[in-house]
Every structure is written in structure tokens, then in C-alpha cells.
Amino acid sequence: MKKIVVLSLIFATFGLNANPVKWLYSVNPLEGNKAELIFSAGIDPSYQLYGTEFPSGGPRPTEFIFDDSKAFKKIGKIKENPAPKIKFDQDFGINVAVHSGNVRFIQTIEILSEKEFTILGTIDYMVCDESSCFPYDTDFKFLVKGRPQTPFNTDVLNKQIESKEQNNDEVIDVIPDLADIEEKIFIAATITNNSESSSENIWWFILLALGAGFACMLTPCVFPMIPLTISFFMSGGAKRSESILKGLIFGFSIAVIYGLLGVVVAITKSPELANVLGTHWIANLIFFALFVTFACSFFGLFELKLPTGLSNKLDAKADKGGLIAAFFMAVVLTLVSFSCTGPFAAALLVEAAMGTSVLKPILGMFAFGFAFGLPFMILSMSPALMEKMPKSGGWLNSVKVVFAFILLAFAMTFLLTIDTVYNLHLFTREVYIGIWIVIFSLMGFYLLGKIKFAHDSDVKHIGVFRLFLVIATFSFVMYLIPGLFGAPLKMISSLKPPMSAQQFNLQKQVVYTPVIFEQKLCGTPKWSDKFHLPHDLQGYFDFEEGMACAQQLGKPVFLVFTGHGCKNCKEMEANVWSDPEVLELLNQYLIILLNTNDKTVLPESEWMTSKLDGKLKKTIGKVNYTLQMERFNTNALPYYMILDSAGNPLTEKGVGAVNKKDFIVFLKKGLAR
């Protein structure tokens, strides 16, 4: 049963099963500045929802977690209407309280604010059917009217001040707390923007997929096919409406074909698979070889082809005509153009597979196919536009070669992952950046016509567009060069080695890092020879050791879950942590950084058995990953949490990759508490 619960947790986390509980929220005003917050739950008939209280050691009870607010206070416990049924659970061996059908949870509150305010929070609960259980967390929001205003009474204020003075509290507490207002803004933004997958921005990936789809149109496998395909739509004296319909079917069929590839990746992916693809040397070496192979093909060394028999069979069906032929034409084009579109599709699928979002591969590949087929749909509606299109020529091969240089540069990121995860130290930061400088310099000289490949035409002169590409390429090279001497290169922070891999750093001699509070540790941290904090920050890399020091020093803890190859982790450290105000706030915490995918085997005394799957965890990464899942119910990277010195959370939720402003509010919020 417990394994089924764990598997269900993974499915629920990534949205593969619909939530069987629907929630509605309402406010019932009462006399005496009181009100009832009513949580109405509609439960799927095949499921049961657990009550709010029963003995520990069983399934998760339903819990209502309210965000801190000075506008109200809770009165008593949550009431359940109707009362739950008590039954013996054979899997957990205890009596549990369960609900089925419809139930209302009612929390009575006292209204303290005279203005209208919002109550925010989260419902943590578990539902079960006959074979499996699914945990969920749902955010709630109530809009509550303030209590009637009373005339200003100086006697009341004086009594409050006297009471504060007698209790040695600060008089300023009687004034509305602006920090509390800022905290509410932060909470609202967190609920909408940071649902544990904020570290994985799907929208940026969709934009990347759209760009890749449009780029495929400029390759020599696809561009010459445009007039041939459009002529198919117009053949046989077809009516204008029929031609347009064929074009629409053709374009959307391409989107569906690539979308199905994304579905295959989505079905087979899991958190463990994503972790393996992102960090294991075999997977990354395969990806490196794949990208280099595609680059060599684009350079003209050989041509990638799919079996001709399959293409011929589909081509025969496309020749039969009719609307169904438009679909088979889309399949034929997809196969025929594989040698050019394959590298783009493979790169997107690799990126999607190494993430944790299920929607990412589906939406990304559909967007790629849609962008690929969109020009065909537009031209089928207006064939006259074809006369204004540029003619096929040698420039198409130049597009392939440029993409080959880019593929070669990105292939290096997979070798970098292997080097980082397994501590091989093959690449210093200077060597890696130097390779990129050489690759993009060669690309610039190629665009100038100074380098020529077998299938290239002579470049007697360069056009204006090509000139702008040359300027952009060499400008990027000039941007990279200071990185050889320690420049941060924030624009590509997720694609290069960290500053700790820099051997020669001129920047370290001139960059001032403001440090207001002295960073004190309780001794040399374990694994400090293996892990490093950015920007000369000091901290621990073992949870138990770090918490012991936090108790000794009485400092709050800034807990960081990160991993090798985590692009968003690098971007946060390079672009957000580097801010002077952020560094000053971080210096007031004891920082514990935990790597969740490191392969280093721990001493046997530090092995642990996971409560999630019952397996023995022997490496640093698996122990830290299990800690993150068990304590915080998430595997998002990066993931930041603030704890007190006893290990209790000081914030309702952690955050992932957020902007600088929200990160500063998060850090201030922890310190204020």
C-alpha cells in the first residue's frame, strides 16, 4: 500500500490524474465581528477524503494552513459537517476518519481589521480509492469585509502604549506594519507564480520550440519543398475553399505528429528518469554524441536518412488525393525533412526529458510542429505570397552550417555536466569559455566567407542581413573574452562552469562584495572540498552538521536544494544572489546547501532508508533528495526554505527560481520572524 501511495504522489505531483475533490469557498458573517470561513468539498463518488484528526502513523489528515495575518484570528478548531465516519484501516492498522460525497469544513474567525482583507492559505489532504491514494495541496482565498470602524479614542491608544511599555515591547507595534503588507503581496505572488515548478519555465520553452520550428523552414530539406507542397494543395482544379482546408489539415497534422512525440516522452518520464537523464554520464555522453553527429551532418560530412521503404509507402497514400491525403503529405514531409528537422526536434526532446514537467514535452513539441507547419497554412490561403519568397540557393546550406556551429557549442554542455557531477575537473572555466570563443569565431569567419565547406557556394559579397549576423556573432565573441579573466558572463550563466572552476580571476581583485555581518561557522564544513557556495559565501553541505551549528550560534537557516546541471540554480546564483542587497541578507543566515543528484557514496553510518519507497539511500544526492521529498513534498530545483535554529519552518512555503524583488522579500520575511 505504501508503495502505491508513493507512486500516486508522483502522478499527483505532475498532474497525470484529475483532482477528485472540488473546492468552493464562502464567508458567512456572524454577530460580534465574527465570521465563518466555509470550505465546501465535493468528493468523487469513487474516493474518500480523510478527516482533520486521527492518530499519527496513518494517512495524511486534511489540514488547513492559514498564512499569517494581523487582520483576523482563528477561534477554535475546524468543524466538519457532517461528522466523518470512523472506520478501521487495514493498511495502516488504525481507526481513521473519512468523508465521502459532500462535506463542509467550517473555521470561525474574529475580524480584527476595519478594512476589507484577504485570507490566503493551503489545504493539504489525501484522497483514496480501493487501490491507491493521492496527496494534494490546494490554495484557498477568502475576501472578508472589515469590521465597522469605531471613532478614534486617544484613551484606548494610551492604554495600548502603556501596556506595551509594561511588557517591554516596542510602542511602534501599534502602528500598521508595512512589512506585513509587503508579506501579503509576496504570498499572493508566490501562490500564482511558484507552484513548485517555477524552476521550470514552460513558456520560455514553448517560445524556444516556436523559434526552432520557424528555423527549420530555412533549411535546404524543407524550404525547396514549399512550392511543391503548395502546388499539391492547388492541383486538380481544386476549389479555393478545398485548397485552404487541405492546407489547414496539413499544417495541424504536422503539429499533431510532433505533439505525439512529446506525449511519448511525457508518458515515460518520471522524477527519477529526469534525474538520471540530467546527471548520469551515459545519458549525457549519448546526448553529446548525438549533437556532434547532427553537427557533422549539417557540416556536410554525411546525410541522415530514414528508411526509404516507409517514405515510399506513405508517399503512395499521399498521391491518392482527397482531404485524407493532406495528412499523409504531412507525414511524408516530416520523414523527408528528418535530416534537417531531426537535430531541432532531438534538442527539444532532450531538454524536455531532463525536466520534471509533464506538459513541457507535449506543449513544446506541439508548438514546434505548429510553427513548422504554419507557413504552409498561410501560403495555402494566399499562394500569391510565394512570388515574394526568396529563391532556393546556396544560402540554405549556409543556414545549416550556422546551426551546426550552434549545435557543436551546446554539445559541450553535456560534457560539462559529466565533468561537474563526477568531479573529473576536465574543464576549467577558462578552457570551456575558450572552446566557445573558438567555435563562434569560426562561425563569424564562415559568415564572412573566409571558411568554405564542400556544399557551399562562392561568397563574392555579403548582404546586409548576413552583415548583421556577422556583427552579432563577433559581438558575442567579444562578450565571452572577459570571461577568460573572471567576468561573470551572467547572460549565459546556466551554460558555463561556475566561478569556482575559474583558475585565473582578475575580477576577484577588484569586485567589492559588501559583508555587514561576519560569517561564523562551527568548524570546517564536511564536503567543503567538493561543494562550494557562490560569491565567497560560507556554509554547510550536510544537513545535520549545519543544523547543529545553527543551534550553537542561534542563527536562522537558509536551506538550499540544488543539483549538478541545474540551469535555473546557476541563473539564480549568478543573477539574483550576486545582488549586494541579497548578499547582505544571506550573510545573516547560516546557509546549508544540499546537492540532490551527486553520486558520491557516503560512509555506511550515514546511509538512510527512505520512508517513501523503503529503499536504502547510499549517496549524497539520494539522501538529500529523500530529505527534500519527505520534509517538503517537492523535488523542484532550486528550492529554498527558511528554518529556525531548531529546524522549524519560518515561512509557509519555500520558493524556487523567482525574481530578485520576490527573493529579497522572502529573505526579509524569514529574518523578521
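Predicted model: local features only at pLDDT ≥ 70, side-chain atom pairs only at ≥ 80, totals over all residues.

Q: Where is N597 found?

A: N597 is in the loop between β13 (590-595) and β14 (608-609). In space, the C-alpha atoms of N597 and G278 are 9.0 Å apart, although 319 residues separate the two in sequence.

Q: Is N597 buried or exposed?

A: Buried means under 20% relative accessible area. N597 has a value of 6%, so it is buried.

Q: How many disulfides does a search of the whole structure find?

A: A disulfide is a covalent bond between the sulfur atoms of two cysteines. The search of the whole structure finds 1. It joins C522 to C549, with an S to S distance of 2.1 Å. C522 lies in the loop between α16 (507-510) and β11 (539-540), and C549 lies in helix α17 (residues 543-553), so the pair ties together parts 27 residues apart in sequence.

Q: Why is the disulfide of C522 and C549 right-handed?

A: The torsion about the S-S bond is about 80 degrees, so the disulfide is right-handed. As to accessibility, C522 is partly exposed at 33%, whereas C549 is buried at 2%.

Q: What is the order of the open sheet of 4 strands?

A: The order is β1-β2-β8-β5, with antiparallel pairing. The edge strands, β1 (21-30) and β5 (72-81), each pair on one side only. From one strand to the next, the twist averages 20 degrees. Strand β5 is joined to the antiparallel β8 (residues 102-111) by 7 bridges, and E80 stands opposite F105 in β8.

Methods: Residues numbered from 1 in each chain as written. Heavy atoms only, no water. Pairing = 2+ DSSP bridges. Helix = DSSP H or I, 4+ residues; strand = E, 2+ residues; numbered from the N terminus. Axes fitted to C-alpha atoms, helices over the stretch in contact; angles between N-to-C directions. Buried < 20%, exposed > 50% of the residue type's maximum accessible area, 1.4 Å probe, protein only. Disulfide = S-S within 2.5 Å.
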